[in-house]
Every structure is written in structure tokens, then in C-alpha cells.
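Biologist: Before we use any of the labels on this model, I would like to go through them one at a time and ask what each of them rests on. Could you show me the structure first?

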Amino acid sequence: MSIDLNNQKYHVIDNFLDEEIYTTLSEIANRSSYTPGWKSSKKTDPHGHWNINFAKTLAGAANLADISYSMPDKLKIAWNSIKEKYSLEDMKLLRCYINAHTYGVDGYTHKDSFRDDEWTIVIYLVDKWNVDWAGETIILEDDEIVKSVIPKRNRAVIFPGKNMHAARAVSRMCYDLRRTLMFKFRAKRCDDFERLSQFLINKGANKHKHSRGSLHDHLMRNFSLLKDKGYDTELCFAAGLHSIFGTNAFTQCVLREDDFDELSAEFGDKAASLARLFSTISRPKTLEDPESLNELEAVVKTRDDTTITIPRYAFDELRIMEAANLFDQKSLKIEKYPNLCELSGMQNIKKDKDIEFQ
């Protein structure tokens, strides 16, 4: 059975999992310990509910890294079975957990993502359910409920992650747990995106905390910013690797100097060289205001307070990389960085919630 995610928004499928897999997951839900107070949204959910999180990520809802490799074996088998059974082979798993609600534990409206290429699967792990127990999953558009799904054994509902939705509270007569298993995933992006993402995961960038989630996601957003603007592939790779050797502001090194040849072989000498150069200079100040600048070269200050001379074209590319870096961190203000803004055509004018999820 193939699921058309692009042309049909909402899917409700009974007997979603193979019976053996459903039974295994139900047993996991029965035997596992739940954490109380887990919130679907810190902004709209004041109380939280019960939760088992199978793959914690530093980026939370903004995660871009495929987590399937780190899943417990039985969950990994379930995810692989879903992909094969419903022709979702190219999808990348971003989050996976179980939620549980009892009477008095409410659910509140929220979005799982602001990105267009992500979806949520909700699987009901309830062996029996009375319609008078309530507990529906509601999906909204323009503050109106457009879909309401009652829990049922081995039923799944699939919808775009950017749709507002909520788990409605169970009724007073409900004496059981309303348990749901979530698989949240994104579509495969371009080959270069996935290659860079996998490289960063292999090097542990998804385990390094950054100001807005994980280092992996910050670097991937930088790559995407330049890719969407049509810059050449190696410069996009350089943006996606800009702090891989650490910087004067971000001192955690994912790679060392000895790894340069590997990086060059994987993404090209230009990308590797720009990333290494980015790590050595006193940026962003020296990129906004170099020691000297002409049509052929620029003199920039390094982290150890010396100066080096670099070709003008390399200087301009470093400026583009810095603009993407600052923009992703909502720090690219024209009053502070007029030269970076002018060259890149980027600037943060107002707080844009969607940047977090690009």
C-alpha cells in the first residue's frame, strides 16, 4: 500500500502495523516507565503529560538529523516495516516517542514543525477503546477542526507536521491509558544535503549543543540558506562546514587539522579550505571591517591577533558564509553588519519563528 503524502493531507489507516509488531510495541508501552510533565509545546501546554522518548535530540522539534540509527532495535524494526509497507523508503526519522494520557491530563493545540516537508504518524496503542472515553486526535485549519480521529487498536492517523493538532482529554469514565506512538519524519532532501547531513552525524555534530539546538542543524540550515539562494555547491558545503574546526566563538572542534584531507576528499578542496580559514580568523568583526581591502586581496585579523592576506574572492565567500551563520542565529542586523548584509542580501529584520525550522 502506497501513501500519497503530497496530494492527500490526512490518512486514517486501521490495522496499520503488522500484528506481531503491534503486539511487541504494545508490550513495550506496558512495561516501560513514563516520565511525567512532558509538554507538546512549552508555549501552549502548561501541564504536560506522560511520555517515553526513544531518541532524545538536542534540537527537539527543530531536529533535522535522521535518528533511525540510534533507535532501540524493536522500534527500528517497526520504522523499517512502515517504510517498506507504505512506500516511505526515502523518509528520514526525526523523532519517536510514546505519549500517555489519563483522566485529568489534557492535550493542547500545537504544531510539530513549521517545515513543509515533514509529517507525523500517530499510532494508537490501545487494545480496546470506548467512544465515550473521548481522547480524539483533532486536526485544525484556520482554527476550525477539519479532522477528528477516535482512538482504536492499531489505528494510525498521518498528517503534515505543520498542521495545528491536539490530543483531546479522555473522559471521566475512562479507566485506561490513552497511549499513542509517534513517528515524526521528513522527506529526503537533495543528495548533497543528505550527504552532508550523514557526514556530520557520523562525526557527532548532532551531539554538540549550539545556541539554537544542535550543531548539526545549525550547519545544515546554513547549507540550505545558500543552496536556496543559488550559490555554487562547494560554497554551500563550506557554509555547512564553517565551524567544523571550531571558531573564535564556537570552540568545540568536531574535526582536527589532521582531518583536512578527509574533508577535502569528501566535499572538495574549496569547501574544506574555506572552513579551515573561517576557523582561524577573528570573525565576524574582521569580515565586516577588514584591516585593508582592495579589488585583489584583503588583510584580515586572525584569532591570535596577527594578520593574513587572502584573495578578494575568498574574502567575499567568507563574508557570505558569515552572513548565513549570523542570519541563522538571528544576529544579522544591518545597523551592525551593513557590509555583510549588502553583499549577501540577507538581514534579520524581525523575529522570525520559522527560521528555527528551515
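Modeller: Two strands are said to pair if DSSP finds at least two bridges between them. Please keep in mind throughout that this is a predicted model.

Biologist: What makes β5 and β8 a pair of strands?

Modeller: Strand β5, residues 118–124, and strand β8, residues 156–160, are joined over five bridges in the antiparallel sense, and because at least two bridges are required, the two strands count as paired. Within this pair, Ile121 stands opposite Ile158 in β8.

Biologist: How do you know which strands stand at the edges of the open sheet of seven strands?

Modeller: The order in this sheet is β1-β8-β5-β10-β4-β3-β2, with antiparallel pairing. Strands β1 (11–13) and β2 (35–38) each have a single partner strand, so one side of each is left without a neighbour in the sheet, and they are therefore the edges. From one strand to the next, the twist averages 30 degrees. Helix α1, residues 19–31, packs on this sheet, where it touches β4 (92–101), β5 and β10 (178–186), and its direction makes about 115 degrees with that of β10.

Biologist: Why is His101 called buried?

Modeller: His101 has a relative accessibility of 3%, and because the label buried applies under 20%, the residue falls within that class. His101 is found in strand β4. Leaving aside neighbours within four places in sequence, His101 is in contact with His49, Asp106, Gly107, Ala167, Asp176, Leu177 and Arg178.

Biologist: What is the phi of Asn154, and is Asn154 buried or exposed?

Modeller: Asn154 has a positive phi of about 60 degrees although it is not a glycine, and its place is in the loop between β7 and β8. Its relative accessible area is 1%, and since that is under 20%, Asn154 counts as buried.

Biologist: Which peptide bond is cis, and what is its omega?

Modeller: The cis peptide bond joins Arg283 and Pro284, with an omega of about 10 degrees; Pro284 has its place in the loop between α7 and α8 (285–288).

Biologist: Which residues of the largest nonpolar core touch the most other members?

Modeller: Of the 50 residues in this core, those are Leu200, Leu241, Ile244, Leu263, Leu318 and Leu332. Helix α9 gives the most to this core, with eight residues. Leaving aside neighbours within four places in sequence, Leu318 is in contact with Leu274, Leu277, Phe278, Ile281, Leu287 and Ile310. A second, separate core of 37 residues includes Ile3, Trp79, Ala100 and Phe185.

Biologist: How many cavities of 30 Å³ or more does a search of the whole structure find?

Modeller: The search finds two, and the largest cavity has a volume of about 190 Å³. It is lined by 21 residues, of which Asn99, His110, His165, Ala167 and Met182 are the closest to its centre. Strand β10 gives the most to this lining, with four residues.

Note on methods:
Residues are numbered from 1 along each chain as its sequence is written. This is a predicted model: local features need pLDDT of at least 70, side-chain atom pairs count only at pLDDT 80 or more; totals for chains, interfaces and linings use all residues. Side-chain values use heavy atoms; hydrogens and water are left out. Axes are lines fitted to C-alpha atoms, for helices over the stretch in contact, and angles run from 0 to 180 degrees between N-to-C directions. Contact means heavy atoms within 4.5 Å. A nonpolar core is a set of buried Ala, Val, Leu, Ile, Met, Phe, Trp, Tyr and Cys residues joined through side-chain atoms within 4.5 Å. Buried means under 20% relative accessible area, exposed over 50%, partly exposed in between (1.4 Å probe, protein chains only). On a 1 Å grid over the protein atoms alone, a cavity is a set of points where a 1.4 Å probe fits but cannot get out, and a pocket is an open set with protein on both sides within 12 Å along at least five of seven lines; lining residues have an atom within 4 Å of a point. Grid points are joined across faces, edges and corners, and a volume is the space filled by probe spheres set on the points.
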